[in-house]
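This report goes through one model, beginning with a single residue pair. The sequence and structure come first.

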Amino acid sequence: MHFDYKIRYDFVNNRKKFFTGSILLVIIGIVSLLIFQMNLGIDFKSGTTMDAVADHGVIQAEVIDVLTGLDYDEIPTVGGTNNERISVRFGEELTTDAVKEIQSALMSKFGDQMDFEVNVVSAELARELAVKTIWAILAASVLIMLYVMIRFEWRFALAANLTILYDCFVVVTLFSIFRLEVDLPFIAAVLTVLGYSINDKIVIFDRIRENLRFKPHKNAEQLQEIVNASIWQTMARNLYTVLTVFIVTFLIFLFGSESIRLFSLAILIGLVSGAYSTVCLASPLWFDLKKREKSKKPKVAGPSPKKEPVI
């Protein structure tokens, strides 16, 4: 049995290299989380956000001078069409008097026509959000696994679930290593990565199942050829899909506002990891699981021993 489709690179035969590299990255991520942990935003720890709009352009250095004069060392974000928007995140729960003091200082510097929006996140609410976030990711992964198990088989489900969780962990690892802030948009990005990643894997798994139906295999070599052919048959479709989303997200990352920049970066990381894991991890992992099934040969009952005649 041979496929007419040209196999340019044997992903299955080189799967141990990919498995080893991925395991090393997971170990690095675990060590980083144990040492550095995550740089949590105020969505997951107590704090205060203050957003303000001035009637004219604002320079970031001027806002820093105002905050420094009040003994605050936070770095504000300045943006908008004419740099008229100010966003400051404080790592503590500000009292009503402290909020009024900051607002008065900003209005005396940039004018009395400023509009303010203040949000305070308590420690209890932050813990509740963190717990619900973990449950959301776990529930999404379990439902995805059940869907794939019903739609395909448990080997496809296990390979898909392990690799989409790997993609999410890659995003978490890089945010931990580079101390990037984790907030609610980050969680939305991780859940988005789950969706895009499982979509890529379903495409290849569906092609593998189709090839298995029309080209039966008798040994591991033929099964390996089916998996490699399926990868290359769907390679262009997967790359075009990922590249389209990647270009749009990259442009948002470059030219979008500061508030969604980390959200875009998390999706970019997840898209790259998802494309890699789909080709280099998910399909070869399914091959290993399927090959073990084939290696378990059923025991053939031999002829019953002859009974000696009784004399």
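## A pair in the hairpin

G79 has R85, in β4, as its bridge partner. The model is predicted: local features need pLDDT of at least 70, side-chain atom pairs count only at pLDDT 80 or more, and totals for chains, interfaces and linings use all residues. Residues are numbered from 1 along each chain as its sequence is written, and side-chain values use heavy atoms, with hydrogens and water left out.

Strands β3 and β4 (residues 85-90) run antiparallel and are joined by 3 bridges. Another residue, V78, stands opposite I86 in β4. The hairpin of β3 and β4 has 5 residues between the strands, and G80 takes a positive phi near 100° there. Strands (E, at least two residues) and helices (H or I, at least four) are DSSP runs, numbered from the N terminus; two strands pair if DSSP finds at least two bridges between them.

## The sheet

An open sheet is formed by 4 strands in the order β3-β4-β2-β5, with antiparallel pairing. β3 (77-79) and β5 (115-121) are its edge strands, each pairing on one side only. On average, neighbouring strands of this sheet are turned by 15° against each other, direction ignored. Between β2 and β4, which run antiparallel, there are 6 bridges; T49 has R89 in β4 as its bridge partner.

In a regular strand the side chains alternate between the two faces of the sheet. Buried means under 20% relative accessible area, exposed over 50%, and partly exposed in between (1.4 Å probe, protein chains only).

Helix α3 (residues 96-110) lies across β2 (47-53), β4 and β5, running at about 155° to β5. Axes are lines fitted to C-alpha atoms, for helices over the stretch in contact, and angles run from 0 to 180 degrees between N-to-C directions.

## The largest pocket

The largest pocket has a volume of about 990 Å³. Of its 37 lining residues, T77, S87, V88, R89 and E181 are the closest to the centre. β4 gives the largest share of the lining, 6 residues. At least two lining residues come from each of β1 (39-40), β2, β3, β4, β5 and α9 (261-295).

On a 1 Å grid over the protein atoms alone, a pocket is an open set of points where a 1.4 Å probe fits, with protein on both sides within 12 Å along at least five of seven lines; lining residues have an atom within 4 Å of a point. Grid points are joined across faces, edges and corners, and a volume is the space filled by probe spheres set on the points.

## A buried lysine

K201 is in helix α6 (residues 184-214). The relative accessible area of K201 is 0%, so this residue counts as buried. Its side chain makes a polar contact of 2.9 Å with that of S277. Such a contact is a pair of N or O atoms within 3.5 Å; within protein, one must be able to donate a hydrogen and the other to accept it, and residues adjacent in sequence count only if both atoms are side-chain atoms.

Beyond its neighbours within four places in sequence, K201 is in contact (heavy atoms within 4.5 Å) with A160, T163, I164, D167, G274, S277, T278 and A282.

## Positive phi in two loops

Q37, in the loop between α1 (15-35) and β1, is a residue other than glycine with a positive phi, near 60°. Q37 counts as exposed because its relative accessibility is 51%. D71 is in the loop between α2 (60-69) and β3, and has a positive phi of about 70° although it is not a glycine. At 71% relative accessibility, D71 is exposed.
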